[in-house]
Amino acid sequence: MEARRRMIKGGVQQPQIHRNDKDSEAVKATDALPLPMYLTNIVFFCLFFSVVYYLLLRWREKIRNSTPLHVVTLSEIAAIVTFIASFIYLLGFFGIGFVQSLLIPRASHEDILDEDDFDLRVLKDDSRAAPCGVADHCKISDPQLSPCTPVEDEEIIKSVVEGKTPSYSLESKLGDCRRAAAIRREALQRTTGKSLAGLPLEGFDYDAILGQCCEMPVGYVQIPVGIAGPLLLDGREYSVPMATTEGCLVASTNRGCKAIHASGGATAVLLRDAMTRAPVVRFGTAKRATELKFFLEDSHNFEDLSLVFNSSSRFARLQSIKCAIAGKNLYIRFSCSTGDAMGMNMVSKGVQNVMDFLGNDFPDMDVIGISGNYCSDKKPAAVNWIEGRGKSVVCEAIIKEEVVKKVLKTDVASLVELNMLKNLTGSAIAGALGGFNAHASNIVSAIYIATGQDPAQNIESSHCITMMEAVNGGRDLHISVTMPSIEVGTIGGGTQLGSQSACLNLLGVKGASKEAPGSNSRLLATIVAGAVLAGELSLMSAIAAGQLVKSHMKYNRSSKDVSKM
Ligand code: ADP
């Protein structure tokens, strides 16, 4: 801004605004002057006024002496030349700036970058070159866009910026998802004045997310995927993909996998497989609400209800209905298996069918919401911790004494003591809800992101109680994780996207299982629990080793940098 004002004043105004003052300093025309600008101005001012004074004196003297004015001495010629030169300089310096400020009033305003100057505002933040062939006022070029923005795209960008074309309608209007994302992105940069240069646009299948995963895309975020493993679980080895930006997490889980492998592997058992949805309905009286409760919980009615529910999908199978009353409001928690899908859509469709069916016998039932939070989705809730949601899994391993020492750099007694005081007592004191573990959510979230699960469901999916006990005469460690609400699927949602699908493929659970529907998602749930077991083992060991370093310096334990272990 300052640079621009100086240029205008200096009569060397350029049509463009540079990215910031620093950049402007590098190219300003005044750099060509031998003296700083203010000194040059002083010199020319002094020259101008002194020659004017000199010439006036000479003029008065000539009039007094009756000397003709056109007879000039050498010094008078020099004074006249100096007068003309300094006049031209001062006119150029002040006059052109003044004239231009009249012609372009906004150029002289302090706040030149007002709301309409989308392109200028972006350029203020953005040093990228202007694309070729675009209108002067649209000088943004995104390196992710093609080198030349087609003229018709430029028109649409302008239309979106001006609010004439809704951004959300681009995909349907253009019929080209990648192009729609590129146009939306460019319009967004202009309207916000912020550059998206670091957010990639290319290299993503925008058709794959349409109507399924993400609306109004402008690019995608890159998250590195690391591999922990092999995780030896139920006799099979798995390389576990983890998408994370938390350093040490993959390395730590990998160390846990190593300890499990060296001890003969882990075992997982799936206890339950049922996704839930709980609508809330209201009656005129609590008595009427209880009548529906008893109707729904009567085993004689279950067959009819499940017929209605199951008609929603080949894979939805109603398992149970559990009701809770709050006055005249009834919360109905439907649980059903959903094949290889995580199942939220499926269960919701089934519930809708049952609600319509119940309307015949209970016409006074007012369905307030298809979800009444007794489900409970993406919120910490005791109902999931106690009753389970999605897949309930217990996973265990016996870690040998020498492995605890060599791989985990600690001992069994320290681990058992730490688990009791931290994961059990400490969490109880903290009033934890399903949080009786060290960092289950770290592993759950990283696997969820890598395999296209809904990362928001890490809340209940990370419910976990970690148990540790000394076995085999106190020499070895029995460790287990019990996780009642692992919500995973291998079909639907983000699982079909290229990179997420590749991670599922790595685990051998990609897509729907044709032989045994539901077996892929169930296997994935056990892998999640196995990886959590590894993560718990490693972090707990690191903490225990840290305590030992403090209290037993003589052992001189190694660094906690597990990547070196
Ligand atoms: P969600 O219920 O997890 O939101 P979607 O409804 O998006 O999942 O995806 C499930 C879809 O996949 C359903 O239309 C279902 O009919 C289909 N599908 C095909 N094979 C299977 C399978 N083995 N298990 C579950 N769903 C399957």
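Guide: We begin with the polar contact, which is a pair of N or O atoms within 3.5 Å; within protein, one must be able to donate a hydrogen and the other to accept it, and residues adjacent in sequence count only if both atoms are side-chain atoms. Here a backbone N or O atom of Met346 lies 3.1 Å from an oxygen atom of the ligand. For Gly343, the distance from a backbone N or O atom to a ligand oxygen atom is 2.6 Å, and a polar backbone atom of Met344 is 3.4 Å from an oxygen atom of the ligand. This is a predicted model, in which local features need pLDDT of at least 70 and side-chain atom pairs count only at pLDDT 80 or more, while totals for chains, interfaces and linings use all residues. Residues are numbered from 1 along each chain as its sequence is written, and side-chain values use heavy atoms, with hydrogens and water left out.

Visitor: How many residues surround the ligand, and which are the closest?

Guide: A residue counts as near if one of its heavy atoms lies within 4 Å of the molecule. The ligand has 15 such residues around it, the closest being Asp340, Met342, Gly343, Asn345 and Met346.

Visitor: Where does the ligand sit?

Guide: A pocket is an open set of points on a 1 Å grid over the protein atoms alone, where a 1.4 Å probe fits, with protein on both sides within 12 Å along at least five of seven lines; lining residues have an atom within 4 Å of a point. A molecule sits in one if more than half of its atoms lie within 2 Å of its grid points. The ligand sits in the largest pocket. Of the 50 residues lining that pocket, those closest to its centre are Cys213, Gly452, Gly493, Gly494 and Thr495.

Visitor: Which peptide bonds are cis?

Guide: Most residues other than glycine have a negative phi, and most peptide bonds are trans. In this model, a cis bond joins Gly229 and Pro230, with omega about 5°. Another cis bond runs from Cys375 to Ser376, where omega is near -5°.

Visitor: What is the phi of Ser66?

Guide: Ser66 has a positive phi, near 55°.
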